[in-house]
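Here's a quick tour for anyone opening this structure for the first time. Have the sequence and the 3D view side by side, and take the topics in any order you like.

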Amino acid sequence: MVYLLTKFDNFLNRSFYKLGNTIANHYGYFIIVPVFISAILATGIQRIRYEDDPEYLFSPTTGLAKVERAIIEENFFVNYSSDFHPSRITRMGRYARLIITAKDEATLLRTHIWEEIMSLNSLVHSINVLMENEEVGYNDLCAIWDSKCFENNVLDLHEFMPEIENGTFTLTYPFMLNPLTFEALVFPFFFGGVDVNSSGIMSVQALSVFYWLKTNTAKQQAEATLWEDALLEAVEKREFEFISVARFVSRTLEVELERNTHSVAPLYAVAVAILVVFSVCSVMMGDWVRSKPWLGFASIISATLACLAAYGFLIYLGVEFIGINMASPFLMLGIGIDNAFVMLAAWRRTKLQDSVQERMGQTMAESAVSITITSLTDMISFFVGAITPFPSVQIFCLYTGTAVLVSYVWHITFFGGCLALAGFMEKDRRHGFTCHTIKPKSEAVDDGCCYRYLCTGGLSDSDPMNSKDNKPHAFMMFFRDHVARYLNMPFIKALVILVLMTYLAVASYGFTMLREGLERRKLSRDDSYSVHFYDSEDRYFREYPYRIQVAVTGDVNYSDPVTQKELMELHNKFEKLSYSGGPIFTESWLRSWLAYTDRNQEYLGINITSEEDFCSHLGELYLAGPANVFAQDVTFNENKTRIVASRFIFQTHEILDTNADKDMMEAFRKVAFESRFNVTVFNPYFIFFDQFILVRTISIQAICLAAAIMVIISLVFIPNPVCSFWVAVSIMSIEVGVVGCMTLWGVNLDSISMINLIMCIGFSVDFSAHISYAYLAAKVDTPDERVQECLYALGVPIVQGALSTILAISALLLAPSYIFITFFKTVFLVIFFGAMHGILLLPVLLSLMGPGSCNRKKLVDSPAPSVTYSNSFFAHNENISSSDFVDLNIKIPRAHYVRSVRNGSAASQVNLTTQTGFDTLAASEGGNSQGKDSLDTNSEESKESIQNKGLETQRRSSGSANRTRKCPGLPFSEAYDNKGYVNDSMEDNRRAQESDLPIYGEWEEPRQCYSEQISSFDYSCAQRRGSAGTLDQESDDQSHELEAHVHHGGSSVPQHEQHSSQPGDNPVITSNNVTLK
C-alpha cells in the first residue's frame, strides 16, 4: 500500500512539475481564460432566485413535525374565512402580534393606559392598503369567527377599567366570564407578568394581542403581506405617551433574513481593503525585485473571480440563493490568499539563478500537492454538509464547496500565470511596484540612499552568486533557527503537551454545557424592532406559551366504554406531564360530550352505545350550530356513521428556553408513541423545534463522516500511516476545542454553527496537512532537523494564511447579526486552533512519535579524512593534499546541469560509496565555517543553497529503509569558480547539440555527504537535478564516459583527462581547474 501511495505521490509531483513549466511558457492564456470564463458565468447572477422562508431554510426536511402536520391537515381543515380559531392552525399564516407594556413598568390595569391601548387597536383597524386599484382594510382581510373578525375579547375590559382600577371589580385568574357578553376570558393567553392573590388579579405588566388575516388564496396572501408592512410602519410612526409597543408580523423573519444579507454586502469591500494591505505587506522583502506586491492583489482577484464563477454557475442550474451565502466570499478570500502564500513560499525556496520555467516547475511540484490536499478536504467537507437535512446548510455548503473547487482551479491557473509573469519580471530585474528595470544591491553601492533602499534588487549579471543579492527570507529563517530550536528543547515539548492537556480540559468542560437550537431572535439583526418583541415575549409569555393538538386517527370505536376509558387515561397522561398546564386548560370534545350526556341523560333520553348512534347524536346535539369550536375537532366518514379522526387540545406550562421547548415536544411525543391508538401531537412551532433534536445527531454524523474522509485523503497524499494518524488526532483536537470554546463564547449548536463545525473539519486539515507533508518530505536525518525544515518551509505561510483568513472574516464583526458574528467566532476558533496545532503541537508530536523519531543521530556519519590519504586535489592549478582540506575549507560544485555531447559517446559515471570519493572528505570539521573559502563562497550561503534553494528532486521508493545506497557518479562537464555563472545565451548556443544530464551548478562544502540513508520516501541521488530534462532520467545501471568542459574565469577549457570508473576503484575526475581523486 505504501509503495502504491508513494508512486501516486511521485506521479503528482511529476505532473505538477510539467504543469508549472507549461504555465511559465504560456502564462498569458492561463491568466486570460479564467477571467473570460468567470465573466461569462457571472451573468447567471441576474437570474438569482432569493429564498428567505425561515421554515424551509431552518427546519430539517426529515423532521417528524412535517409528517405530523401532514396528518393533521389531511383530517382537519383550517378555514380562515369562517370558523377560524388560532388553537387549531397548522401553519402560522399571516398575522400581527403586539406586546404592550407601560413605559413606567407598572400595571396596565389603569384607565389612561387602557384608553391608549384602545387607541392603538383603533389604529390597527383603520389601516388600509391599495391592491389592484382596490383599497382594502383590516375588516376585509381579517380571519372570520362567528361571521365577524376574530377579535381580542380581552379588550372589552375597557368598560370595566374604572371599577378595576378603584378595586370595586375584580378579575379572577385564570378564567372569568365577561358580565356583558358572557364570553370566556382566558387571561394567561393575553396577560403576562401577572400578580395574583387570593382575591384575583392585582397587576398586569404586559398584554399580548393578535390580529389574524385570511390566507386561503394567493390574492389574500398578497393583500395580507401589504397590510403587515403598513401596520409596522403605522405603529413605528405613532408616538404613545404611556405605553410601549413591541410589534411582530408573520413576515418579520423573512424580512430580517433579507436585511442580514443587505447589511453584510458592503462589508466585502472593507474585507478586500484590509486584505489588500495585508497581502501586499506580507509579500514584501528587502529586495524590491523579489518583492511581489501585485501577487497579493492577484490572489484577491482570483478568489473574487472564483466566487463569481461558482455562484453564477449554480444560479444558472436553478439553485436558490440565501443570505448566509454572503459569508462565503469572505472565506474564499482567506482560502485563496492562504494558497497564494504557500505557492509564494515555494517559489522563494527555488534557486534564483534557474530559469523561470524551472522555478515554476519546482514551485508547482512542491506546493501544488499541499494546496490540492487542503482544497480537496475543504471542498469535500462542504459537500458532506450538502447532504444534511437542513436546507440552509445544504445551500450554503453547495455554494461554498463549488466556490472552493473553482478557487482551486483558478489559483493553479490564474494565479499560477500571474506568478510566472512576476517570475519573468524578477528575471528581468524589474521593480516589484513600478515594473522598471533597476540595479542589484551589489551594483548600487555608489548610488544615493533612497535609491539603494527603494529601487534596488535582483541578481547581478556579472556576479549572480553575490551574497548581497542572495539574502534569505528573514521570517523563514526565524522559524527555522529560533521557533524550531525552541520546540526541539525537551522542556518546551513538555510544556506544549501540558498546554494541550489544559486546552482539552477547558474544551471538554465547555462541551458539557452545549445547548442546541437556533432561537428565532438570533435570525434578526441586533438593531431590529423584533429584538424588543422577542425579549418581551421571553420575559412575560413563557408561562403558558403553546397549545398542543393531539389527533387520534384510524379505526377507533368511540362508543365502546373501554375505548372511552382508555382515551380518558390518555388525556390524564398528557395532563400530568411536567410541561402540561393541567386539565383546566384542556379542550376535549369527548370529555365534554360524555359529561354532557351524563348530566342530561334523563332529559335527552338517548342511547350512545352503538357507534352509529354515538356519531349521530354527537353531530346533531353537540357539534351543531355556529361558532362551535368542537365542530372543528371531529371528522366523520362520508355517511356520518364513524369518526375518522378526532382532536384534543392541551396547554403547555413554563417552557422557559429552547431546551425546554425540545424536552416538552419529546415528552408529548413519547406519550403518543406509547399509546395503543394512532396518536399524533403537533404545534406549528414543532417545525422549528425538530432542529433542536436533530442538530446534535446530524452534526455528529456529518463531522464523523467528514473526518473519516479527511483521514483517507491525508493517507493518500501523505503516504505515511503515522503522519495520517497525527493528522486525525489534530482534527479531533481542533473539533473538540471549537465546540467547547464556542459554547463558552455564547454560541449554540444550531444549523448556523453546524455549517461552521463541518467546515471546521476541512479547515483543521489545512495546516496539519501542510506540516505533515513537509515533515515527511524533509531530506534530513533526525527529527529535530525535520522540525527545522518543515517550519522553515511552512511557518511563514501558515501564519500568513491564518492571519489572512481571520482578517477576511473580521469584517463580519461589523454586521449586526448573530448569523455572521457566529461565522466569525467559529472560523476564528478553527483557524487559531488549527494554526497553533500546525506550528506548535504537530511538530512536537511528529518529532516524538513520528517517522524516524527513534533516530536521534545522523544516519550517516562519514569519518574524517585521513592524513595518510595519498590522493591529491587540484584547485586553481595548486596541488592540495587531503590533510589541507580542513584548513582551506574547500567547497565543491554540486550537480546542477548535466549534458552529454551527442557524438555517440556516453559520459562516464562515478559510483560513490561512504568510503570513497567525496564521502571520504565529508567529515572534515576544521576551518572557519562562517568565513569565505578559497573559492570566495560563504559556507552559510552554501547550506542555504543546499537545504532551502535546492534543486527540485523526484521521490523514489527504495528497498529497505535504513540502508546506504550507492549513488551514481556525479560527473560534471562544467565546474564553475565563484564567477563562473553560465547565462541563458551560453546555454542556448549548445542546446541544439546537447541533452540534459546532471552536472555541477551549486557550491557546497566537501563535508556535505552525498551518500544518504534513504527510506521509502527518500530521493535517489541520481535524481538530484536542476532542469526539466533530467526529471525522468535514470542511470543507475549504466556507465558512461565523461566528456566535459571546465569554465574558469569565463573561458572554456577542454578536459585533459577522462577516466572510466570500475568497481572498487577510487573515482578520479580531473580538469585544468580541479582534479578530484
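A disulfide is counted here when two cysteine sulfur atoms lie within 2.5 Å of each other. By this rule the count comes to one disulfide. Keep in mind that this is a predicted model.

**The cysteines**

- The pair in question is C142 and C149, whose sulfur atoms sit 1.7 Å apart.
- In general terms, a disulfide is a covalent bond between the sulfur atoms of two cysteines.
- The link of C142 and C149 is left-handed, with -65 degrees about the S-S bond.
- Are C142 and C149 buried or exposed? Both are buried.
- C790 is in no disulfide, and the nearest cysteine sulfur, that of C723, is 10.0 Å away.
- C790 counts as buried, because its relative accessibility is 0% and the cut-off for buried is under 20%.
- C397 also comes out at 0% relative accessibility, so C397 counts as buried too.

**The four-stranded sheet**

- Look for an open sheet of four strands in the order β8-β9-β1-β10, with antiparallel pairing.
- The edges belong to β8 (191–196) and β10 (243–249); each has a single partner strand, so one side of each is left without a neighbour in the sheet.
- From one strand to the next, the twist averages 20 degrees.
- How many bridges join β1 (residues 94–102) to β9 (residues 201–213)? There are eight, and the two strands run antiparallel.
- β1 is mostly covered, with nine of its nine residues buried.
- R94, A96, L98, I100 and A102 point one way from β1, while Y95, R97, I99 and T101 point the other way, and all are buried.

**Helix α23 and what surrounds it**

- Helix α23 covers residues 658–674, and its 17 residues should span 24 Å at 1.5 Å a residue. Its end C-alpha atoms are 25 Å apart, which agrees.
- At the start of α23, a side-chain oxygen of D657 comes to within 3.2 Å of the backbone nitrogen of N659.
- As for β15, four of its five residues are buried, so β15 is largely enclosed by the rest of the structure.
- β15 pairs with β11 in the antiparallel sense over five bridges.
- Within that pairing, V550 stands opposite V681 in β15.

**A buried serine in a helix**

- S375 has its place in helix α13 (residues 356–385).
- With a relative accessible area of 6%, S375 is buried.
- What does S375 contact, leaving aside its neighbours within four places in sequence? The answer is N339, V404 and Y408.

**Backbone spots to check in the loops**

- The peptide bond from Y173 to P174 is cis, with omega near 10 degrees.
- P174 lies in the loop between α7 (161–166) and β6 (175–177).
- S147 has a phi near 65 degrees, a positive value in a residue other than glycine.
- You'll find S147 in the loop between β4 (144–145) and β5 (148–149), and S147 is exposed, with a relative accessible area of 72%.
- K640 also has a positive phi, near 60 degrees, and is a residue other than glycine.
- K640 sits in the loop between β13 (634–636) and β14, where K640 is exposed, with a relative accessible area of 53%.

Conventions: Residues are numbered from 1 along each chain as its sequence is written. This is a predicted model: local features need pLDDT of at least 70, side-chain atom pairs count only at pLDDT 80 or more; totals for chains, interfaces and linings use all residues. Side-chain values use heavy atoms; hydrogens and water are left out. The expected span of a helix is 1.5 Å times one less than its number of residues. A polar contact is a pair of N or O atoms within 3.5 Å; within protein, one must be able to donate a hydrogen and the other to accept it, and residues adjacent in sequence count only if both atoms are side-chain atoms. Buried means under 20% relative accessible area, exposed over 50%, partly exposed in between (1.4 Å probe, protein chains only). Two strands pair if DSSP finds at least two bridges between them. Axes are lines fitted to C-alpha atoms, for helices over the stretch in contact, and angles run from 0 to 180 degrees between N-to-C directions. Contact means heavy atoms within 4.5 Å.
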